Amino acid sequence: MTKLVEEINGCPIWTSTLTSPRAATSSGPDYLDDPGKGLLRRDYGLVELSFSDADGPLSCFGVSVQVHRLVHGLCVPPPLEREYGAFAPRARFEELRSLIVSLGCAVEPDDLSGDIHRYRVPESGARIFVIADPEPYGAGSYDVDDPEVHQAGDVWALSISPAWWGPR
């Protein structure tokens, strides 16, 4: 995971190879396209790429890693699994924060309201979304000892896009 975090934190992991939807197919053949007006979200399961035609042809302006999907099983694109090996079913925020800090970057609170907290890594434009309340509706059926459900402190997602999250 260290190599993946280093590449994501520095933002070069996708910029040279995934500049267009056509180039994005190199990540694997299995994806879902979710088009919108001038936008395209390409969903590979664990990874989502966002494209816009605001500056001409569609180009990639954001990458999201939907970490919360790992707890439910197979969603890792085969090229990522070949490169990085098997992925754990969850990532804990404190472990990720420690790793990012060890790389010389800061992790700052960005929005701590609600059941998902948001943190920012100012050096990269990355945002980390963390589960604060795994049962926000209080249904009473949540089992804190069940390894197959999300826990407080689990990373929900990572989003990398200087277009979305430029420094303040």
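**Close-up views of a predicted model**

**View 1. Serine 50 faces glycine 62 of strand E4 across a strand pair.** Strand E3 (residues 47–52) and strand E4 (residues 59–65) run antiparallel and share 6 bridges; two strands pair if DSSP finds at least two bridges between them. Strands here are DSSP runs (E, at least two residues) and helices are runs of H or I with at least four, numbered from the N terminus. This is a predicted model, in which local features need pLDDT of at least 70 and side-chain atom pairs count only at pLDDT 80 or more, while totals for chains, interfaces and linings use all residues. Residues are numbered from 1 along each chain as its sequence is written, and side-chain values use heavy atoms, with hydrogens and water left out.

**View 2. Here is the open sheet of 8 strands, with antiparallel pairing.** Follow the order E1-E2-E3-E4-E8-E7-E6-E5. At the edges, strand E1 (32–36) and strand E5 (108–111) each pair on one side only.

**View 3. Tyrosine 31 and tyrosine 44 form a tilted ring pair.** Their ring centres are 5.5 Å apart and their planes stand at 55 degrees, so the pair counts as tilted (centres within 6.5 Å; planes under 30 degrees apart are stacked, over 60 edge-to-face, the rest tilted). Tyrosine 31 sits in the loop between helix H3 (21–24) and E1, and tyrosine 44 in the loop between strand E2 (39–43) and E3, 13 residues apart. Tyrosine 44 is buried at 6% relative accessible area, whereas tyrosine 31 is partly exposed at 32% (buried is under 20%, exposed over 50%, partly exposed in between, with a 1.4 Å probe and protein chains only).

Technical notes. Phe/Tyr/Trp six-rings, centres within 6.5 Å; stacked < 30°, edge-to-face > 60°.
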